[in-house]
Amino acid sequence: MSRYRLAPSPQQGAILLRHCAHARYVWNLAVEQHASWRPGRTSAPGYLEQCRQLTAARAEHAWLREGSQMVQQQALRDFAQAMANFFAGTHRRPRWRKAGRGEGFRIVAVKPGDVRRLNRHWGEVRVPKAGWVRFRWSRAVPDGVKSFRVTRDRAGRWHVGFAAVPDPVSAPGNGNVVGIDRGVAVSAALSTGELLRVPGLTGREQVRLRRLQRKLARARRGSNRRGTVKTAVAKLSARETDRRKDWCEKASTGIARRFDVICVEDLNIRAMVRSARGTADAPGRNVAAKAGLNRGIRRSGWGILARRLQDKAPGRVERVSPAFTSQRCSACGHSAAESRESQALFRCVACTFACNADVNAARNIAAGHAVTARGGLGVARPANREPQLVLLPG
Ligand SMILES: [Zn+2]
């Protein structure tokens, strides 16, 4: 998703706000329908049924009818996706949306002529009912834009984000298989021995960020100074995010070009990152330590890299169970926790094979070896009987 600052005229701003209100209204209706559902009743209405209800509601209410049908329908589609994510266990249950918080709507079926460049600094995009809305041309708009999302942040700033699925990178046809272990200290280790690192903020930028954060802590709530400092902090964080995304694009393209089959760990990142706080009944342990690890995982851009690989090498990415990949020797197959000499070093206690711990794990992932338990069935399994590989959902 590439995001650009949108600059609607006051009239257009009013129309965009109405689109947001409609999308929110429809979304909240869907949330309510699903919230009032109880086990034993007939199932809550699905997307198609909700679309029929929307048509009926538009026929009945003029204010809804005056809005864009596409905006309202896409809100239902977003909700259906959110429910699917919830049932898949990767996301939380979709919740109520409040006015002024995370407002936005989505436009689909975008035609090539609907986004155009005006001059060096400005472009414009066609939004239903609002017409051509100008945006800052801060970088090239990706080719083949199929949909975009218009959002309004809490500060009242508008943005447009263009979604484009990148063209698949063709397989090199060399039969090469690579395993990737995604770690915290090193962003990605390849079974070839390469260690890829996400560029973060430079030392000077980090110093500046810390200074700004101290300043922010001292600034009075609601003061002008607080606003200025907050913006400066947000700018630095945005720079870090941009660098991470850029790195993911380059790394994923490079890997998709060089290898026919790409093996990654089948990790549920969202579940891993989820707060360790737990519930009142079952409070979590190691909360602070886990929070630190979470920050590391987010910064290393795991999820984005896997998603980009999937986009660029469809059908060539295989998910391998990550169980014990860090304890198994990629040379002899012996599994022992003691072989993991340190966070960085793996030295097999059986055959004395030694290598970078993340690279060792990547080699196990490449081999598709999912060892079920220490010394268990997985180790004895013949090498030609690979454990079941699960393809990423499309
Ligand atoms: Zn060994």
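Two bridges join β1 to β5, and the two strands run antiparallel. The model is predicted. Its open sheet has seven strands, and helix α1 packs on that sheet. Helices α5 and α6 also cross, at roughly 150°.

**The sheet**

- The strand order is β2-β6-β7-β1-β5-β4-β3, with antiparallel pairing.
- Direction ignored, neighbouring strands are turned by 30° against each other on average.
- In a regular strand, side chains alternate between the two faces of the sheet.

**Strand β1 and its other partner**

- β1 (residues 2-7) also pairs with β7 (residues 158-163).
- Five bridges join β1 to β7, and the strands run antiparallel.
- Ser-2 is bridged to Phe-162 in β7.
- Tyr-4 has Val-160 as its bridge partner, again in β7.

**Helices on the sheet**

- α1 touches β1, β2, β4 (122-127), β5 (131-136), β6 (147-152) and β7.
- The direction of α1 makes about 90° with that of β2.
- α4 lies across β2 and β6.
- The run of α4 is at about 105° to β2.

**α1 against α4**

- Helix α1 (residues 10-35) and helix α4 (residues 69-87) pack at an angle of about 40°.
- Their axes are 8 Å apart.
- Angles under 35 degrees would count as roughly parallel; α1 and α4 are therefore oblique to each other.
- The crossing of α1 and α4 is right-handed.
- On the α1 side, the contact takes in His-19, His-22, Ala-23, Val-26, Trp-27, Ala-30, Val-31 and His-34.
- On the α4 side, Val-71, Gln-72, Ala-75, Leu-76, Asp-78, Phe-79, Ala-82 and Met-83 take part.
- The residues of this contact divide into 11 nonpolar, four polar and one charged.

**Aromatic pairs**

- The structure holds seven aromatic pairs.
- One of them joins Trp-27 and Phe-79, in an edge-to-face arrangement.
- The ring centres of Trp-27 and Phe-79 are 5.4 Å apart, with 85° between the planes.
- This pair links distant parts of the chain: Trp-27 sits in helix α1 and Phe-79 in helix α4, 52 residues apart.
- Trp-27 and Phe-79 are also among the residues where α1 meets α4.

**α1 against α2**

- α1 and helix α2 (residues 47-60) pack at about 125°, with axes 12 Å apart.
- That angle makes α1 oblique to α2.
- The crossing of α1 and α2 is right-handed.
- Val-26, Ala-30, Gln-33 and His-34 of α1 make the contact with Gln-50, Gln-53 and Leu-54 of α2.
- The residues here divide into three nonpolar, four polar and no charged.
- Val-26, Ala-30 and His-34 of α1 meet α2, and these residues are also in the contact of α1 with α4.

**α5 against α6**

- Helix α5 (residues 203-218) and helix α6 (residues 224-258) have axes that come within 9 Å.
- The axes cross at roughly 150°. Angles over 145 degrees count as roughly antiparallel, and α5 and α6 are therefore roughly antiparallel to each other.
- The crossing of α5 and α6 is left-handed.
- From α5, the contact residues are Glu-205, Arg-208, Leu-209, Leu-212, Lys-215, Leu-216 and Arg-218.
- From α6, they are Arg-225, Arg-226, Val-229, Lys-230, Ala-232, Val-233, Leu-236, Arg-239 and Arg-243.
- The residues of the contact of α5 with α6 divide into seven nonpolar, no polar and nine charged.

Methods. Residues numbered from 1 in each chain as written. Predicted model: local features only at pLDDT ≥ 70, side-chain atom pairs only at ≥ 80, totals over all residues. Heavy atoms only, no water. Axes fitted to C-alpha atoms, helices over the stretch in contact; angles between N-to-C directions. Helix = DSSP H or I, 4+ residues; strand = E, 2+ residues; numbered from the N terminus. Parallel < 35°, antiparallel > 145°, perpendicular 65-115°, else oblique. Left-handed = near helix turned anticlockwise from the far one by under 90°. Contact = heavy atoms within 4.5 Å. Nonpolar A, V, L, I, M, F, W, Y, C, P; charged D, E, K, R; others polar. Pairing = 2+ DSSP bridges. Phe/Tyr/Trp six-rings, centres within 6.5 Å; stacked < 30°, edge-to-face > 60°.
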